[in-house]
Amino acid sequence: MVLAPLRKFGLPKLGGGVGGKSSAAEMQQAVQILRDYEQSGHGWFWSTDAGGRIDYLSECVAERLGKNRSEVLGQPFSSLFTLDSVDTEQVERTLPVILSKRKTFAEFAVRAAVRGEELWWSISGRPQHDSAGNFAGFRGNGADVTERRRSQRKAERLAMYDSLTGLSNRHRMSSHLDNTLAAFRQAKRSCAVMMLDLDRFKQVNDTLGHPAGDELLKQVADRLSRVVDSGCELGRLGGDEFEVILPDLDDRGRLGEIAKKIIDMVSQPYALEGARCVIGVSVGIAIAPYDGVTSDELIRNADLALYSAKGGGRGQFRFYSTELHNEAETRRRIEEDLRDALSEGQISLNYQPLVCTRTNAVVAMEAVMRWAHPDLGSISPALFIPVAEESNQIAQLGEWALRQACEDASRWPGNVKVSVNVSPAQFANKNLPSLVTQALANSGLPAELLELELTESIFLNDSESTEEMFAALKGVGVRLALDDFGTGYSSLGYLRKAPFDKIKIDQSFIRGVTEPGTRNVAIIKAIVSLAEALDMDTTAEGIEAHDELDLMRELKVSQIQGFIYSKAISGEDALAAMQSGEWIIEPEGPSKARSDRKTVFRKVGLIHEDHRYEVTMRNLSNTGCLIEGLLDVPVDTVFVVDFGEGQLAVATVRRSRGTMQGMEFEHTLVADGAGGLVTRNRVSPYMLAAAGMPLGALPPGQYPLGPQSNGSGTFTMPRFAHLNEAAKKGEVQRAAEAKAAG
Ligand code: C2E
Ligand code: MG
Ligand code: MG
């Protein structure tokens, strides 16, 4: 019994040969060694007959399987294993296939057929042949590799997850997205991707050090995990970039809310090794299948949306739209052309009056930059200042503005102050106090007539240099104003810490202030009383209507800056207006602030029955729009408004006069993150494809709507006279005649 296996394993036969005695002893010893080996648990032996049935198996293996050796003998060799779990690298080559090939195999990983326990063996085998050369079965050995596999899996895990935050890494996110999209394409399901990039992370890393930066990333990951739903996949792609995959989500209202929540959460202050810091995050969103069907397309478009969100002033979200390609191109152009704009004399300063609320007298003028681009026309500073900041051009532009404003203001009669905007990058430059001193000295402007407007972002890192800079500027004798209060982190705590002379309440805070139920009134009240206690002025920015002005008076805001008094005017006009002594402006504007109705001017499609009309949209709010282009449309007519890119909204005509119709949407539009509006949902390209449109090749908004066609295959006559450019005159004429005729 002991000897049988030895023969199987090719050991010399007993007795019959030279040195029989010592051979027998050697034989015994060899048997003992093999026994010891089998019992050590390091490995075991097996063999089969030509039919693949087990004819030898180490005792320990049978035990591991919970069987007697006698039960196992005669069974097919493959009954020892769970055949469907195959080692990942040998996926196709299942054990029976290998055995049927009758070839040598080595270290093939198989899962043992032990229930309820994960046990892995590595087995090797060699085919055996009889003296006639016929196949006689396999012999081989095996070993337990469960532990090795576990550590291998752990290593694989490490390769899939980010070691700092524990979130999925780029590799895993990318394969997850690939798999999700592939699966969803069949099922026609949607999937959104959000790309996140932290704002100001680099500064924190630079000022507080890398360990603090790492700690910050961990805290960010923590907060994100709390905001992101469990069905979503969250990952860190590297650096300060994160990604969220949100399956089955295409409602842009909901996605906007999630993005907003992410931004709010990430923007709360962090405590890092005793220091306090604040960062922000920008979010770009793309949704499959509308914005792309492959992961490459989707990621590229979410990145483009992210880029646009960053450019829009950070702490914002953006949905991808095809327009962003143009926007990105424009930004590149702006960055390039800005380099020569100053030396080419394209940049100038305009001035907007700040008026005393009680007396209507102009007390100060804010210098705002204007850029007259030779091809693109006038470019807003809201657009080019962020580009200048990002491309390190702000120092030069800012210094020029400072010198020019002091120069201009030195010629103004009386004590009208001049306010100059100072970017955070300028504030971080140690030379700022000496630049200010020079600008004052060169122009002869008294220091107390110069006011520097700083934004809250200068406080985002606690640092001694901030305090030193405040002290130095106060030492020069200029006034300091906190600009755009209410847009960023809005902590009244800053006001106690820094020697400001004025708080400017941002216009985004003013918008809607006259509407019932707003919290902004209470907040403005608090700001004003704190400012009074600290002996500071207050300015309300962006006042356009009388009801807003009345409210600011009631709230005792000390100064007003807004179109109700004046827009920014040229330096010459400003000088001329002041020449005649004290400059009083009578407020002039609408009596009531209009809610967020935006003046737009763009082509949209109107679909009615079988017809699609090109019309101009002149006004848009979340509840309705004003369109121009059709004549005499009856009230209560229902249209489908086609905004392009699969955005369709059902709208009912509520007012109609000549060629203008006021329409109300069935479902309100939602914010697009860029101050614009979009439909919550889009018509899926799948649906359009089903209606005969090729995927991906859709001209924006040129498709028939299934439910709208009359289904009979015949087309009705257009019901409304359409004022397109060419036919405009004749048609109005004809329509008028037809009307007159009855
Ligand atoms: P800001 O410092 O908050 O300037 C006020 C902005 O609000 C100006 O826009 C002004 O035209 C606008 N505004 C004032 N009243 C009203 C109103 O009643 N209604 C509306 N809708 N808008 C009103 P502008 O000139 O486009 O400047 C935008 C921003 O660009 C400025 O915001 C400022 O942050 C930046 N900026 C402008 N010039 C400079 C500069 O020389 N240096 C730096 N660093 N930034 C500048
Ligand atoms: Mg300002
Ligand atoms: Mg402002």
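How are H12 and H13 oriented to each other? H12 and H13 are roughly perpendicular to each other, a term for angles of 65 to 115 degrees, where under 35 counts as roughly parallel, over 145 as roughly antiparallel and the rest as oblique. The axes of H12 (residues 323-341) and H13 (residues 381-390) cross at roughly 70° and come within 10 Å. Axes here are lines fitted to C-alpha atoms, for helices over the stretch in contact, with angles running from 0 to 180 degrees between N-to-C directions. Helices (H or I, at least four residues) and strands (E, at least two) are DSSP runs, numbered from the N terminus.

This is a predicted model, in which local features need pLDDT of at least 70 and side-chain atom pairs count only at pLDDT 80 or more, while totals for chains, interfaces and linings use all residues. Residues are numbered from 1 along each chain as its sequence is written, chains are lettered from A and ligands numbered from 1 in the order in which they are written, and side-chain values use heavy atoms, with hydrogens and water left out.

On the H12 side the contact (heavy atoms within 4.5 Å) is made by Arg331, Ile334, Glu335 and Leu338, and on the H13 side by Leu383, Phe384, Val387, Ala388 and Glu390. These residues divide into six nonpolar, no polar and three charged. Ala, Val, Leu, Ile, Met, Phe, Trp, Tyr, Cys and Pro count as nonpolar, Asp, Glu, Lys and Arg as charged, and the others, Gly among them, as polar.

H16 (residues 432-443) and H17 (residues 464-476) have axes that come within 9 Å and cross at roughly 15°, and are therefore roughly parallel to each other. Leu432, Pro433, Val436, Thr437 and Leu440 of H16 make the contact with Met469, Ala472, Leu473 and Val476 of H17. By class there are eight nonpolar, one polar and no charged residues.

H7 and H11 pack at about 115°, with axes 9 Å apart. Here Leu177, Asp178 and Leu181 in H7 meet Ser295, Leu298 and Ile299 in H11.

**Ligand 1**

There are 21 residues around ligand 1 (a heavy atom within 4 Å), and Glu366, Asp483, Asp484, Glu544 and Phe563 come nearest. The table gives polar contacts, which are pairs of N or O atoms within 3.5 Å.

| Residue | Atom of the residue | Distance to an oxygen atom of ligand 1 |
|---|---|---|
| Arg370 | polar side-chain atom | 2.9 Å |
| Asn421 | polar side-chain atom | 3.0 Å |
| Ile543 | backbone N or O atom | 3.5 Å |

**Backbone features**

Most residues other than glycine have a negative phi, and most peptide bonds are trans. Lys188, not a glycine, has a positive phi of about 55°; Lys188 lies in the loop between H7 (170-187) and strand S7 (191-199). The peptide bond from Ala288 to Pro289 is cis, with omega near 5°. Pro289 is in the loop between strand S12 (280-288) and H11 (295-311).

Notes. A polar contact is a pair of N or O atoms within 3.5 Å; within protein, one must be able to donate a hydrogen and the other to accept it, and residues adjacent in sequence count only if both atoms are side-chain atoms.
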